[in-house]
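Q: I have a new structure open and would like to learn how to read it. Could you take me through it one feature at a time?

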Amino acid sequence: MHAFDYKSPEVLAEALQQLADSDGSAKPLAGGTDLIDQMRTGRHQPTLVIDIKKVAELNVLECAGDGLHVGAATPCYRICGDDNVQQDYTALADACNIIGGVQIQSRASVGGNLCNSGPAGDSIPAMIALRGICVIAGSAGTREVPVAEFCTGPGQNVLADNELLVEIRFPPRPTASGSHYRRMIPRNEMDIAVVGVGASVTLNEAGTTITDACIGLGAVGPTPLLAARAGECLVGQTVSDATLANAVEAAKEIISPITDMRGTQEYRVHVTGVLVRRVLETAISRATGDPCVVRPGH
Amino acid sequence: MSTAEKPSYKVIGTRPIRHDGVDKVTGRALYGADIKLSRMLYGATVRSPHAHAKIVRIDTSQAELMPGVRAVITSEDVPEQGDRVVELGEGAVNMRHLAANVMAREKVLYKGHVVAAVAADDVHTAEEACARIEVEYETLPPVLDLLKAMSADAPILNDDIRTESIGSAPSGSDQQTNVAKHFMFEKGDIKQGFADADIIVERTFDTAMVHQGYIEPHNATAHWNADDKITVWMSTQGTFSARQQTAELLLMPVSSVKVVPMEIGGGFGGKISVYLTPLAALLSKKTGRPVKILMSRTEVFEATGPTPGSHMRVKLGAKSDGTLVAGEAWIAFEAGAYTGSPIGAACMCVFACYDLPNGQVEGFDVCVNKPRTNAYRAPGSTHVAMATETLVDELCEKLKMDPTEFRIKNAAGEGTRRVDGPVYPRIGMVETVEAIRDSEHYKTTLDGKFCGRGVASGFWFNVGLKSSVSATVNSDGTVALVEGSTDIGGTRTSIAMQLAETLGIAAEDVNPVVVDTDSIGYTDITGGSRVTFSTGIAAINAAISIQEQMCQRAAILWETDAENVRYEEGHLVGPSDQRLSFRELAEKLRELGDAVVGYGTSGSETQGGAFGTHCVDVEIDPELGKVQILRYTIAQDAGTAIHPSYVEGQMQGGVVQGIGWALNEEYWYDEQGEMHNPTFLDYRIPTCYDVPMIDTIIVEVPDPQHPYGVRGVGEVPICPPPAAIANAIYDALGIRMTELPMAPHRVLAAYLGRNTDD
Ligand SMILES: Cc1cc2nc3c(=O)[nH]c(=O)nc-3n(C[C@H](O)[C@H](O)[C@H](O)COP(=O)(O)OP(=O)(O)OC[C@H]3O[C@@H](n4cnc5c(N)ncnc54)[C@H](O)[C@@H]3O)c2cc1C
């Protein structure tokens with residue numbers, strides 16, 4: 001590995017300044033579970049590593065009237081261990097619960113998962129489904145970008161060199177809503193999604209009709225995807241196999257998976273359909289109050 | 001479970017705590033990467049990015065200019081071998097190929113092939129220096145497909161290879177070829193056999209290249225002293241083999257090399273060949289300082305010795321009463337860059353479980369632009385078990401016969417002649433099938449949609465070979481046991497237990513140590529499931545010698561002749577019923593003549609073969625093609641289980657590796673010959689969530705060639721799992737899987753009735 005400088009600012013402004021001063025040759029480090037490995041293999045060779053774990057704003061985990069705030073560097077174990085997240089933003093808890101094992105979860109952040117911008121990043125479809133908004137700070141001020149628009153290509157996103165992701169904000173959850181994230185992996189643990197699907201569903205009071213739905217897809221295109229039409233086609237429909245089948249078809253329309261060592265293109269198309277249906281079923285059950293415990297790998 | 005009336009043992013069959021346990025669980029044990037010597041340098045390698053290319057030019061000047069860089073070597077620094085074939089303990093090896101595998105000379109033959117190496121003050125400098133070495137290549141078309149590699153118009157990898165014919169194969173031509181070996185074994189009349197058959201089944205199978213997946217990467221530290229004595233510290237399956245390979249590659253006498261074994265984090269056949277050792281030695285020669293080189297995981301995958309991918313066509317014929325009458329097999333193995341796949345063993349194993357009157361087996365060892373393959377746990381046998389055991393299952397289905405009944409009816413037994421010639425001594429194939437038939441597992445019916453059960457058997461030869469031990473009686477009644485077998489699976493303890501049993505003392509009173517090649521007699525590799533058998537015999541011989549010496553010492557004490565003293569259950573008994581325990585006499589040895597030191601050696605070529613039969617239940621998600629293992633039972637003939645926990649551990653470990661091979665493991669190559677998954681993220685060995693508790697049934701049919709009846713247990717458990725799982729998938733979904741791994745996308749495609757698209 002090459003030699004580099006290391007700084008660990010405690011104030012956001014200081015971190016932003018260091019970033020601005022380094023002219024694109026610095027890399028923020030949250031958990032480091034992606035970055036350190038990428039530096040080891042030479043994929044990234046920053047001359048300065050800015051450890052952002054000590055910046056307070058990046059470590060929040062708060063559920064308030066305006067929704068949920070997840071600091072970009074907040075580790076996964078805190079997120080999936082949080083009662084509010086488990087209760088109302090279950091898809092996010094599901095995702096944080098399967099990113100790596102105990103060691104990884106105690107370092108890895110969803111901010112890092114998002115900024116790494118891998119097509120298969122597990123938290124991203126969940127955050128898309130929960131309509132997360134990225135709060136981004138730079139020398140020129142702060143801006144907001146929906147999670148669904150954050151990634152622009154494999155390993156690429158909307159961040160400028162001098163910008164930091166500060167937090168991801170999620171709107172408050174309506175009553176009778178439920179969400180779920182699930183991935184297909186060949187093993188039952190420690191694997192990368194062949195297909196990942198996150199979905200959030202809100203039902204009417206009677207629990208019979210879908211009033212809102214949002215679906216995120218992972219590993220089936222160059223970026224995680226918002227399956228907008230698949231979500232929209234569910235709205236106003238009664239819960240039925242036929243309704244879900246429409247969403248499945250709409251989701252399949254927007255994907256462009258590849259064949260690689262994790263699965264064939266054909267397989268990924270098929271599995272997208274299976275998972276969209278299964279994830280919607282679980283999200284709907286959760287919207288009706290059934291917690292639906294999911295076993296690893298299933 | 002015991003099949004024979006078992007002698008009553010005091011130590012054998014018990015489960016003492018392993019002698020090296022405390023060091024291992026507290027992290028004190030020193031592995032290859034732990035070595036630190038004063039003034040030590042760190043090495044790194046430059047490796048080919050291409051699968052097949054000519055080396056046009058190597059420019060090391062920029063690397064040599066870097067501060068902290070102490071030496072750079074290329075093939076020019078590696079001695080020329082000429083046309084030499086050397087017997088290296090596991091068979092004859094073409095030295096030119098071995099040398100070229102260690103450091104490419106004119107051509108690179110696989111991605112990851114070493115072309116240069118650097119020694120520097122630290123590993124980062126060494127790596128940076130490697131990046132500054134310029135290598136100009138002229139790329140050649142990569143040969144990756146087994147069948148295409150065999151065709152007459154395929155690009156040639158090695159211009160010195162001509163097909164070598166073995167067995168009854170017709171002699172090869174003088175043409176350049178990628179087919180390095182052609183085997184043919186025949187028995188009976190194959191035509192008549194199939195003519196007599198009422199049912200014939202035949203299928204083609206493909207299996208992917210897979211790696212042993214040991215946790216510890218390869219490592220070597222070497223110091224070339226001013227007096228031309230070379231010391232090597234490394235983790236290896238065989239110190240004497242590593243010594244000889246290193247000496248031959250450096251054109252030095254074997255006695256100039258000393259190999260010091262470090263603890264080993266797994267080998268499974270992959271840590272016999274040397275890769276880094278000669279490079280570390282040559283870098284040390286140039287610098288006069290010790291040099292340490294470690295491989296990364298990616299280097300381990302790309303450039304050590306995985307087991308080949310295969311293409312097989314197998315055909316079986318049976319009478320309607322279930323009698324097997326004929327079997328035919330055509331098997332091609334990827335040798336990798338240089339000849340040496342376990343195709344010969346595969347040809348011998350393919351029908352080894354059965355009493356087959358008419359058989360014909362043909363095998364090919366084929367060079368392709370992938371790493372040179374090497375041994376992996378029962379090398380070659382798992383591939384062919386996938387084929388034969390799937391077809392046996394299909395025969396059972398067609399005959400409407402229970403798979404255990406069919407196997408019992410046709411099992412090989414004492415006196416059965418294998419297709420390749422040898423006649424079996426007493427073996428336990430039938431007993432392992434009976435053990436499965438009578439198991440709780442097999443007797444419990446399996447319910448559940450998309451659930452299925454499969455049965456399969458497997459065979460491995462096991463080898464004997466040479467071992468040496470020495471054992472000294474300490475004045476406190478303990479015995480210091482010195483051995484040359486590096487301990488991979490708990491053999492310090494299983495050897496110590498055999499010494500203890502023979503002397504009638506406790507296993508805890510034996511203190512085993514594994515030492516370097518200057519400190520013990522010649523000992524072959526830890527491989528071929530041989531150590532508990534063969535080093536065990538050496539330890540028993542050493543113990544018998546100690547018994548004799550102890551009788552002589554007691555005779556001095558009792559003022560009688562040695563023949564009047566008996567050695568009984570750890571006691572010396574004199575002519576007038578004087579009695580001293582081993583310890584009591586040991587305490588008096590100071591006054592009783594010479595030191596008591598026993599030496600023992602062993603060297604039989606063979607041991608009785610090992611058989612196992614497995615039963616597995618699976619559940620499949622038919623929408624995802626994903627297979628879950630619900631329950632697994634393995635029955636295996638261990639001859640006599642010295643330490644039952646270690647026997648069970650070997651059985652379970654073999655099954656886990658077999659499950660990985662069956663379901664997910666594979667080298668995933670692109671068309672340029674680049675492996676896309678050289679990490680444990682995408683090379684999927686099973687995790688603890690992927691395997692249930694594996695139930696074990698130890699069958700004991702003693703091997704008459706060992707005083708206590710030991711049979712090696714390490715290898716055969718990997719053979720049946722892929723076939724057993726394939727048969728279970730058939731039971732669950734009605735599809736015959738003929739390609740490994742049976743990854744979700746393949747199972748799904750087969751289930752949906754389509755052809756897989758790769
Ligand atoms: C053993 C192991 C298992 C894994 N399993 C999974 C898994 O199951 N699923 C999965 O999705 N991933 C997995 N990963 C990948 C990784 O753990 C996740 O992507 C993780 O969420 C990354 O978070 P991090 O905090 O460690 O990011 P880091 O490595 O710190 O950063 C990742 C990237 O984002 C940038 N970055 C981080 N924070 C910010 C910020 N606030 N603003 C701007 N840029 C930023 C960094 O510069 C870097 O480029 C695994 C990794 C390992 C080593």
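A: Happy to. Let's begin with a term: contact means heavy atoms within 4.5 Å. Keep in mind, too, that this is a predicted model.

Q: Is A:Arg268 buried or exposed?
A: The cut-off for buried is under 20% relative accessible area. A:Arg268 has 3% relative accessibility, so it counts as buried. Its side chain reaches backbone oxygens as well: that of A:Ala219 at 3.4 Å, and that of A:Ile258, which lies 2.7 Å from a polar atom of the side chain.

Q: What about B:Ser310, where is its place in chain B?
A: Look in strand S16, residues 310–318. B:Ser310 is buried, with a relative accessible area of 3%. Its side chain makes a polar contact with the side chain of B:Thr207 at 2.6 Å. Beyond the neighbours within four places in sequence, B:Ser310 is in contact with several residues, including B:Leu146, B:Phe205 and B:His383.

Q: Now for salt bridges. How many does a search of the whole structure find?
A: The idea is a side-chain nitrogen of Lys or Arg within 4 Å of a carboxyl oxygen of Asp or Glu. Over all chains, the search finds 55. One of them joins A:Arg40 and A:Asp37, with the closest N and O atoms 2.8 Å apart. These two are 3 residues apart in helix H2 (residues 35–40) of chain A, so about one helical turn separates them. A:Arg40 is exposed at 52% relative accessible area, while A:Asp37 counts as partly exposed at 37%.

Q: Which residues of chain B are linked in a network of salt bridges?
A: The network links B:Arg18, B:Asp20, B:Lys24, B:Glu263, B:Asp487 and B:Arg492. Elsewhere, the side chains of B:Arg746 and B:Glu739 meet in a salt bridge at 3.4 Å, N to O. B:Arg746 is buried, with a relative accessible area of 3%.

Q: How do I read the place where chain B meets chain A?
A: The size of an interface is often given as the accessible area lost when the parts come together. Here about 2500 Å² is buried between chain B and chain A, with carbon and sulfur atoms giving 53% of that area. In terms of contacts, 27 residues of chain B are in contact with 26 residues of chain A.

Q: How many salt bridges does the rule find across the interface of chain B and chain A?
A: The rule finds 5. In one of these, the side chains of B:Glu623 and A:Arg277 meet at 3.0 Å, N to O. Polar contacts cross here as well, in 17 residue pairs. On the side of chain B that touches chain A, H4 (123–131), S28 (626–637) and H20 (744–751) each supply at least two residues. The largest share, 3 residues, comes from H20(B). That side divides into 11 nonpolar, 7 polar and 9 charged residues.

Q: Stepping back, how many helices and strands are there in chain B?
A: There are 20 helices and 30 strands. The radius of gyration of chain B is 27 Å, close to the 27 Å that the globule rule gives for 758 residues, so chain B is as compact as a globular protein of that length. Of those 758 residues, 63% count as buried.

Technical notes. Residues numbered from 1 in each chain as written. Chains lettered and ligands numbered in written order. Predicted model: local features only at pLDDT ≥ 70, side-chain atom pairs only at ≥ 80, totals over all residues. Heavy atoms only, no water. Buried area = accessible area lost by both parts, 1.4 Å probe. Polar contact = N/O pair within 3.5 Å; in protein donor to acceptor, adjacent residues only side chain to side chain. Helix = DSSP H or I, 4+ residues; strand = E, 2+ residues; numbered from the N terminus. Nonpolar A, V, L, I, M, F, W, Y, C, P; charged D, E, K, R; others polar. Rg over C-alpha atoms; globule rule 2.2 N^0.38 Å. Buried < 20%, exposed > 50% of the residue type's maximum accessible area, 1.4 Å probe, protein only.
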